[in-house]
There are 2 protein chains.
Amino acid sequence: MTTDISPVKSFLHCETPAAWLDKALENKEILLIDHARCEKKAASTALSLMFKYPEREQLLHKLSRLAREELRHFEQVFDLMRERKVEYQHLSASRYAAGMRKEMRTGEEGALTDVLVVGAYIEARSCERFHALAPLFDESDPKLARYYRFLLKSESRHFTDYLALAEEYSDEPIDDRVRVFGELEAELINRPDSVYRFHSGIPQ
Amino acid sequence: MTTDISPVKSFLHCETPAAWLDKALENKEILLIDHARCEKKAASTALSLMFKYPEREQLLHKLSRLAREELRHFEQVFDLMRERKVEYQHLSASRYAAGMRKEMRTGEEGALTDVLVVGAYIEARSCERFHALAPLFDESDPKLARYYRFLLKSESRHFTDYLALAEEYSDEPIDDRVRVFGELEAELINRPDSVYRFHSGIPQ
């Protein structure tokens with residue numbers, strides 16, 4: 001069964017550029033190592049929100065399950081790396097998350113809305129990238145292609161979870177913040193980037 | 001089936017004092033709230049080790065699964081709280097973890113051994129406390145008694161995991177550090193404590 005990713009595509013302001021996809025096809029090792037790091041980081045972000053907002057029931061309910069799922073994905077990517085004898089190497093983070101963070105508000109109410117909207121964008125972009133990568137790997141690496149198709153379903157669900165939480169906990173409509181981060185996210189994806197990572201921009 | 005907790009009991013230098021158990025029977029709400037916090041904290045500690053030692057395969061393998069299990073327990077305790085209409089309240093941490101932390105070394109090699117040995121003690125104590133609490137709740141709260149019996153199995157497994165990792169990653173025998181933290185842990189459990197929490201000492 002194919003997952004309908006049209007809500008993800010209409011949320012994002014652009015598709016992944018072809019140049020990034022070409023680079024990913026040639027550099028599967030970095031893709032795997034950075035993907036493992038992203039899954040670990042996603043679990044850790046969810047958990048840190050659970051510590052910061054320990055009285056928000058829906059947030060705890062959804063993010064604890066989300067963190068568990070990210071950890072399970074970490075284990076799966078880690079197993080793929082071991083099967084393929086991909087050695088761990090330290091990778092610096094790309095500018096992506098830091099670029100989004102710069103725009104995030106720090107006041108109590110605004111901070112929660114923004115971190116949840118950014119969470120939604122990161123999950124949506126991951127979903128869109130797995131969706132674009134899967135068919136490209138169908139011939140050369142069908143196992144990876146299948147795995148990416150499996151993953152994009154969870155990423156699409158996580159995108160919805162983050163967005164629903166942002167709506168639930170904001171006193172104001174979130175449309176403005178969604179637009180601001182949507183434009184910023186697309187800019188980070190479409191601008192030339194000196195670093196190649198899972199969420200990086202156009203490879204230089 | 002009963003879990004054999006004799007390895008846990010011989011690892012710990014003392015049993016939970018009767019005065020703490022009496023207090024716990026009278027203060028189930030604090031017990032639940034602090035228990036939920038401990039599960040969340042345990043997941044977060046495991047995850048932070050996964051970030052600190054991203055090249056240690058066995059550590060990643062075991063601690064990712066452990067963190068997932070702690071999160072599942074968090075969800076279960078949280079559900080019990082909601083069923084019982086126990087309202088979240090902020091609880092300061094007891095002196096227990098901070099007391100252990102004071103003795104932990106900071107150098108690369110020593111730091112990892114110590115944090116893993118301390119992890120083993122925290123899991124072992126949790127296991128011993130659930131084992132002591134379960135029969136006390138059999139009549140008044142059979143659901144909680146059953147849940148504690150279920151949990152002590154995982155805690156016992158986590159204790160073994162932490163200890164095995166400490167042995168695997170230490171270049172020297174770990175006996176000395178096990179003794180040091182065993183004595184310290186027992187002292188924190190046996191000394192009068194102004195605060196009542198899941199891992200606190202003798203209630204004042």
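## Aromatic cluster and overall fold

A:Trp20, A:Phe130, A:Phe137, A:Tyr148, A:Tyr196 and A:Phe198 form one aromatic cluster. Rings of Phe, Tyr and Trp (its six-membered ring) pair if their centres lie within 6.5 Å; planes under 30 degrees apart count as stacked, over 60 as edge-to-face and the rest as tilted. This is a predicted model, in which local features need pLDDT of at least 70, side-chain atom pairs count only at pLDDT 80 or more, and totals for chains, interfaces and linings use all residues. Residues are numbered from 1 along each chain as its sequence is written, chains are lettered from A and ligands numbered from 1 in the order in which they are written, and side-chain values use heavy atoms, with hydrogens and water left out.

The structure holds 18 aromatic pairs over all chains. Two of them are set out below.

| Pair | Centre to centre | Angle between planes | Class |
|---|---|---|---|
| A:Trp20 and A:Phe198 | 6.1 Å | 85 degrees | edge-to-face |
| A:Phe130 and A:Tyr148 | 4.9 Å | 40 degrees | tilted |

A:Trp20 belongs to helix H2 (residues 18–26) and A:Phe198 to the loop between strands E1 (192–193) and E2 (202–203), so their pair ties together parts 178 residues apart in sequence. Both residues, A:Trp20 and A:Phe198, are buried (under 20% relative accessible area, with a 1.4 Å probe and protein chains only). A:Phe130 in helix H6 (residues 108–137) and A:Tyr148 in helix H7 (residues 142–169) are 18 residues apart, and both are buried.

Chain A contains eight helices and two strands (DSSP runs of H or I, at least four residues, and of E, at least two, numbered from the N terminus). Buried residues make up 53% of its 204 residues.

Methods
Buried means under 20% relative accessible area, exposed over 50%, partly exposed in between (1.4 Å probe, protein chains only).
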